[in-house]
Every structure is written in structure tokens, then in C-alpha cells.
Amino acid sequence: MSRVPLRKALADLPPYVPGARAPVGAAAYKLSSNENPYPPLPSVVAAIADAAVDVNRYPDMYATELVEAIATSLGVAPENVVTGCGSVAALGHVLTAVCEAGDEVVFPWRSFEAYPIAVSLAGADGVRVPVGADGRLDLEAMAKAVTPRTKAVLVCTPNNPTGPAVHADELAGFLAAVPSHVLVVVDEAYVEFVRDDRAADGLAVFAEHPNVVLLRTFSKAYGLAGLRVGFAVARPRLAAGIRAASTPFGVSHVAQLAALASLRARDELLHRVDAIVVERARMLAGLRAQGWSVPDSQANFVWLPLGDHASSFAERCTRAGVLVRPFAGDGVRVSVGEPEATDLFLEVAADAHRR
């Protein structure tokens, strides 16, 4: 019997591996998915409940009110903003809007594991540039990897899963070296957690460079990972193309109202971000005091470059009741969660380092 053929790109498509979840009935701290450990604010829960009564209706396809609120909060025009089902969907729409078969997309590796998936699904060829031993993006090498076939370059800052943020001078030098017709996507999913004074200011870079697109999300700092709301910020012509490539009604009515409520409660939510940053510092200091070599993290996670020991370390953590995210052969990413989770993780890490 003949079979319907699938796209050839799917044969080599790497799977997206989600963070581990505790088995049903088991108790464990989940530090495997970079989630915000705080539940939604009461005002956000109320907005979700209000929106639930309208789920028999299609949402506003262009998320008009949310787009206007995002634009106001960032100091850009509404025509610069395109929403999506999480920033990963927004990335997919960006690449679909600009890539043709045979085009190349340069990105760091290891970085966000959705990058090679999104690139392949857009019909382009991915060009991976190794991240430095310190977990930092090698922007000089990424610039050198640009060829006449390059249509876009992805810059993740802070980099997931290693943690460091790209510095302003690094990004300025990179943009000066990259042709102005090459799209530079600056992925700022964790920007609210950045406290490095040297970090690049994505909005300022966007204002200066027409070929820059920003990606942001409500999943991390705003704690709406389960509702999937992200967005791209681009020049109007690019934004129109991204919008045309977007999934119709891609952001639900519930998600739109929750994101609006979160923007209204931004100051309260950023107090929570401050608490996560404090806990991140405690985790980093604890690991370094034990003797671990850990890159500087400006996100809501830390990175242990354990190489071939990543999987066994993650298994040790799981047995102790804390779930982390191993990247086989590279390292382990540990999200910043509750203080009790930090305490337990540091106990496991100390025991592992002694052995």
C-alpha cells in the first residue's frame, strides 16, 4: 500500500524535549522548565475567569487591545508589535516570513532547542556556531558564519540554557559586521531578569537598526507559561509580513485578557522577579562555594556544564525529589524556584561534587 510522503525535513527534525514532570502521586520540585514559581496574581486569575465565559467566541485575531498595551509599555507603535502563541511561535512566523528554501539561518549552539526545529520547518538550513566555554555567545564567530545565503541570525540573550547576557559592545560590533539586509532576531525571553549593567538594551538596538526584530514573552517573568503569549517587535513592513504568516486567532481570548491584566500589574509582578533574582544569586553563590564552575546567569536558571555526566547528575536530582533539565553530553539547566527547592538542590549538588 502506498503512503502519503512527509516532508524530507521532518526526517532529521530534532525533537523538542520538555522539562520533566513529576509522576502522578509523586512529590518533587520542578526546576526543569524555567517556569515562574509564583502562581498568577488574583487580578490575573479574575481576568482569566472573566474571559472563560466567552470561549465559545473567536478571539480578536489581531489582539488589538493587547498589542496597543504592549506598544505603550515599550514605547513603540502598535504596528511594530505582532503577537503569537508564545515567543517560539512568533519566531516561527518570523522565519516563515523571510526564509526561502536553501536560505541559511545562523544561530548559537547550545542555545534554545526550538531554534533548529523552527529553522527546518521554515525550509531553511541551520548553521550552528558553538557557544564559548564560559557559556557566552561567540558573536564574532557568528558574524563570520554569515554567507550570501544567510537570511537571518538568531541572538539569544540571556542565552538559554547557559545564562549569560550579550553585552552592548558585543552586539554593536556584531551588527556592524552583519550586512544590513540580514535579519537579526534578538530573543529576549528572559530580559526582565537581567541585572548586568553591560547587557545590551534590545529596544535601543531595535530603534537604531531596521534589520533587528525583538522576541519577548509573557511566559517567564509574567508567569503565563500555560497560556502561551509572546510577541515580536519589528519595523512596520517586517511586522506586516510576520502578521501575514501568523496562525489566525493564534492567541486565545483568555490569554489576551490574562496578558493585559499582567501588564496592568507589572510593578507587582516585577517585585516577584526581584525575588527570583535574589534566589538566583543564592543558588550561584552556593554552587561556587561548593567548587562548581558555573557561568554567570542573567536569566531565571543556572547552568552546570557537566558534559557526559549531565544525565547521571539529573537522575541523582530526580531521586532526591528535584527535577532538573539535562542536555545529554553538554550540561544541566536548573530553574530558579522556591527557596526550599534551592536548599534541596544545593544539598544534592554538594553531595555530587564530593563524589
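**View 1. Phe218 and Phe231 are both buried.** In this predicted model, the two rings make a tilted aromatic pair, with 6.0 Å from centre to centre and 55° between their planes. Phe231 belongs to strand 8 (230–233), whereas Phe218 sits in the loop between strand 7 (212–217) and strand 8, so the pair ties together parts that are 13 residues apart in sequence.

**View 2. The largest nonpolar core takes in 59 residues.** Here we look at the residues with the most contacts inside this core: Leu66, Met142, Val155, Phe174 and Phe218. Helix 10 (residues 253–264) supplies the largest share of the core, with 6 residues. Zoom in on Leu66 and you will find it touching Thr83, Phe218, Val229, Gln256, Ala259, Leu260 and Leu263, leaving aside residues up to four places away in sequence.

**View 3. Tyr16 and Phe112 form an edge-to-face pair.** The model has 11 aromatic pairs in total. In the one shown here, the ring centres of Tyr16 and Phe112 are 6.1 Å apart and the planes meet at 85°; edge-to-face pairs are those with planes over 60 degrees apart, so this pair qualifies. Distant parts of the chain are linked by the pair, as its two residues are 96 residues apart. Tyr16 is in the loop between helix 1 (8–11) and strand 1 (29–30), and Phe112 is in the loop between strand 3 and helix 5 (114–121). Buried or partly exposed? Tyr16 counts as partly exposed, at 44% relative accessibility, while Phe112 counts as buried, at 15%.

**View 4. Asp103 is a buried loop residue.** The loop in question runs between helix 4 (87–98) and strand 3 (104–109). With a relative accessible area of 12%, Asp103 falls under the 20% limit and therefore counts as buried. What does the side chain of Asp103 make a polar contact with? Its partner is the side chain of Lys151, at 2.9 Å. A polar atom of the Asp103 side chain also lies 2.6 Å from the backbone nitrogen of Glu100. Beyond four places in sequence, the residues that Asp103 touches are Val98, Ala124, Asp125, Arg149 and Lys151.

**View 5. An open sheet of 3 strands is arranged in the order 9-12-11.** Its pairing is antiparallel, and the twist from one strand to the next averages 20°. Strand 9 (301–304) and strand 11 (325–327) are the edge strands, each of them pairing on one side only. Strand 11 meets strand 12 (residues 331–335) over 3 bridges, in the antiparallel sense. For a close look at this pairing, find Phe327, whose bridge partner in strand 12 is Gly331.

**View 6. Helix 11 and helix 12 lie across strands of the sheet.** Helix 11 (residues 266–290) lies across strand 9 and strand 12, and runs at about 20° to strand 9. Helix 12 (residues 310–320) lies across strand 9, strand 11 and strand 12. Relative to strand 11, helix 12 runs at about 165°.

Definitions and conventions:
Residues are numbered from 1 along each chain as its sequence is written. This is a predicted model: local features need pLDDT of at least 70, side-chain atom pairs count only at pLDDT 80 or more; totals for chains, interfaces and linings use all residues. Side-chain values use heavy atoms; hydrogens and water are left out. A nonpolar core is a set of buried Ala, Val, Leu, Ile, Met, Phe, Trp, Tyr and Cys residues joined through side-chain atoms within 4.5 Å. Buried means under 20% relative accessible area, exposed over 50%, partly exposed in between (1.4 Å probe, protein chains only). Helices (H or I, at least four residues) and strands (E, at least two) are DSSP runs, numbered from the N terminus. Contact means heavy atoms within 4.5 Å. Two strands pair if DSSP finds at least two bridges between them. Axes are lines fitted to C-alpha atoms, for helices over the stretch in contact, and angles run from 0 to 180 degrees between N-to-C directions. A polar contact is a pair of N or O atoms within 3.5 Å; within protein, one must be able to donate a hydrogen and the other to accept it, and residues adjacent in sequence count only if both atoms are side-chain atoms. Rings of Phe, Tyr and Trp (its six-membered ring) pair if their centres lie within 6.5 Å; planes under 30 degrees apart count as stacked, over 60 as edge-to-face and the rest as tilted.
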